[in-house]
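Morning, everyone. Please put the model up on the screen, and keep the sequence beside it.

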Amino acid sequence: MPTPPEGLAKRVWEPLQVQTVYDLERVIDYCDELIEHKERPVSPDEKVGAGEVAVEKPPQNLSREKRRAAKEEFEEMSTEQLKELSDEELTRYGHLQKRKLPCGPGCDGCPHGPYRYTVYRDLRGKVTSRYAGKADGE
């Protein structure tokens, strides 16, 4: 019997060891479909976060492999690194939104911004966003 991948939970790999070849092939097909679903690009109607979207740029059209590599790179970046990226560079990772945000009751200057946010699908497949600094020249 082959050794399971390091770090893979026993509750995942142990039941697979008793399956037929046919069922394992079906599991592979299902996993491929599930990966495709969880890695699909964020569509323009999938919004996350508060505030009014002032401008939105769609992500660059990348292959699945390039999207996965970009996602891993993006997850490791600090906020300071994100602030240094241009609007075009941020679209490698997802939709770029420029949002104006309210800060709370009693503020005469609301909404504030615009601020840049990258909207993307995280490693679990959930649509989320990350702050990428103030928008320039607006």
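Start at L82. Which residues does L82 touch, leaving out residues up to four places away in sequence? The list is F74, M77, L90, R116, R130, Y131 and A132. Contact here means heavy atoms within 4.5 Å.

A word on ground rules. This is a predicted model, where local features need pLDDT of at least 70, side-chain atom pairs count only at pLDDT 80 or more, and totals for chains, interfaces and linings use all residues. Numbering runs from 1 along each chain as its sequence is written, and side-chain values use heavy atoms, with hydrogens and water left out.

Back to L82. L82 belongs to the largest nonpolar core, which has ten residues. A nonpolar core is a set of buried Ala, Val, Leu, Ile, Met, Phe, Trp, Tyr and Cys residues joined through side-chain atoms within 4.5 Å. Buried means under 20% relative accessible area, exposed means over 50%, and partly exposed is in between (1.4 Å probe, protein chains only).

Next, charges. The structure holds eight salt bridges. A salt bridge puts a side-chain nitrogen of Lys or Arg within 4 Å of a carboxyl oxygen of Asp or Glu. Here are some of them.

Take K57 and E88. Their closest N and O atoms are 3.0 Å apart. K57 is in strand β1 (residues 52-57) and E88 in helix α5 (residues 87-90), so the pair links distant parts of the chain, 31 residues apart. Helices (H or I, at least four residues) and strands (E, at least two) are DSSP runs, numbered from the N terminus. Both ends are partly exposed: K57 at 25%, E88 at 46%.

Now R92 and E73. Here the closest N and O atoms are 3.7 Å apart. R92 is partly exposed at 31%, and E73 is partly exposed at 34%.

Last pair: D87 and R116. Their closest N and O atoms are 2.9 Å apart. D87 sits in helix α5 and R116 in strand β3 (residues 112-121), 29 residues apart. Are these two buried or exposed? D87 is buried, at 17% relative accessible area. R116 is buried too, at 4%. Salt bridges that share partners join D87, K98 and R116 into one network.

And remember, R116 also touches L82. That brings us back to where we started.
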